[in-house]
Structures are given as C-alpha cells and as structure tokens.
Amino acid sequence: MDIKISPSILSSDYANLKSELEKISNADLIHIDVMDGHFVPNITIGAPVITAMKRVCDIPFDVHLMISNPYDYVDTFAKAGADIICFHIESESNTAATVDRILYLGKKPAIAIKPDTDVEEVLPYLDKLSMVLVMTVEPGFGGQSFMERVLPKIEKIREIRSDIDIEVDGGVDFSTVSLAAQAGANVFVAGSAVFGSECPNDAIETLKNNAQAV
Ligand code: DX5
Ligand code: ZN
C-alpha cells in the first residue's frame, strides 16, 4: 500500500493559512478537522474556509467531519472542495445513506471510528469505502498521546481488506508512526509532529521514511 502523510492543519497558524500550506508542499493529503462543538467539545472551521484554501492549494483535501449530522453537510463540503469526506460512525446520520451520498457526489467516502468503538461496526461498509480512519485519541483536540490499545483494530481491518486505505489520527509522531504502520495503517495524520517542527517538509519526509522502513 502507498504510504501517505496527511498533515492536520488543526496545529497550523490559522492567521497565515496560505503560507502554512506552502510549508507542507510535499504532503500527500491535507487533513482538515471540522468540529461542531456538539459531536466534540470544540469548534474549528467550516466550508467557507475550505473553499478559500482550495484556491491556494492543489493537494487533495482529506476532510474529517467531527459533527453530529454529517449527512446534512456532505453536499456543502463536496462543493467546498473536499476530496475525501470522512464522517464518524458514532454520529447521528444514517451510515449507509451518508456513504451513498458521498459516492453520488463523486467524492471518496471514509468512516472514522473513535477509540472505544468496536471495529466490527465498520466492517459491513468496507466494500464501499475508500478509507477507514481509526482514531488513536479521543477526537476533539490536537496534541494528545497515541493510544496503542487501538492497534488491533487496524490489524483486523487490514486482515480483511489488503487494498483499503487505513488512516490513523491522533498522537502520530516519528516513533508512533512505526507502530501504526506495523499494524497495517498506510495513511498518517500528524498535526503537532508536523507543524510543531522547525521544518514541516522535513517532518513529513521523516514520518514517511519511518513508516516505509517497517
Ligand atoms: C483530533 C483531530 C486530529 C488532530 C491530530 O480530533 O482529529 O486530526 O489534529 O493532532 P495531533 O497529530 O497533534 O495528535
Ligand atoms: Zn482529524
């Protein structure tokens, strides 16, 4: 599987988004965390900011919706420029209907599962998904520690589907990236590890090398 690094702009300087995006020019995807203050106890950015980012960045957008009713918003995020639309299985929307709507819109559907959600819940949808996001922290904030106990869920999905993208999100750094890769993940979100480093381009390269070395 292709190794992809998806830096999370949650840890970037929102006052200088354009130049922050230029600092991660070697990223494979741009991870955008959308939070509604309801599904998670934090509010971040919405579709208008994504529309503006799209004007200055041609790397595909990996939009992680941490919102209560994703079905109601997938059209809006597709229009704003999301390439991958990822929503939580724990949200209030109907899972199958939301996946189908994303496909209908010509975008790549992904489902995210929180650390305490059973991996079995996502298995019925694997055939239609481009990606599964396995959260390795409780969603809501950057800068938390990687939960190793989640790794068996990645192994289980990889066992069933050798060809699906498996993304890990939360606490991914130069060392935990290897643990996640070992378990079978191939798409790595990193917020603080990338934007907290002096040279984000180098951080992306190191994360990729460490994941590839497994
Ligand atoms: C957390 C977000 C993550 C976050 C990761 O709810 O989904 O994408 O930005 O940040 P780090 O890499 O700092 O744990
Ligand atoms: Zn995220």
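This is a predicted model: local features need pLDDT of at least 70, side-chain atom pairs count only at pLDDT 80 or more; totals for chains, interfaces and linings use all residues.
Residues are numbered from 1 along each chain, ligands are numbered from 1 in the order written, and side-chain values use heavy atoms, without hydrogens and water.

Both aspartates coordinate the zinc ion (ligand 2), along with His 31 and His 64, at 2.1 to 2.3 Å. Donors are N, O and S atoms within 2.8 Å of the metal (3.2 Å for Na, K and Ca). In sequence, the donor residues follow the spacing H-x1-D-x30-H-x104-D. Asp 33 lies in strand β2 (residues 30-35) and Asp 169 in strand β7 (residues 165-169), so the pair ties together parts that are 136 residues apart in sequence (strands are DSSP runs of E, at least two residues; helices are runs of H or I, at least four).

Now for the cysteines: the structure holds 0 disulfides (a disulfide is a pair of cysteine sulfur atoms within 2.5 Å). The sulfur of Cys 86 is 18 Å from the closest cysteine sulfur, in Cys 57, which is too far for a bond. For Cys 199, the nearest cysteine sulfur is that of Cys 57, 17 Å away. Cys 86 is buried at 0% relative accessibility, whereas Cys 199 is partly exposed at 32%.

Conventions
Buried means under 20% relative accessible area, exposed over 50%, partly exposed in between (1.4 Å probe, protein chains only).
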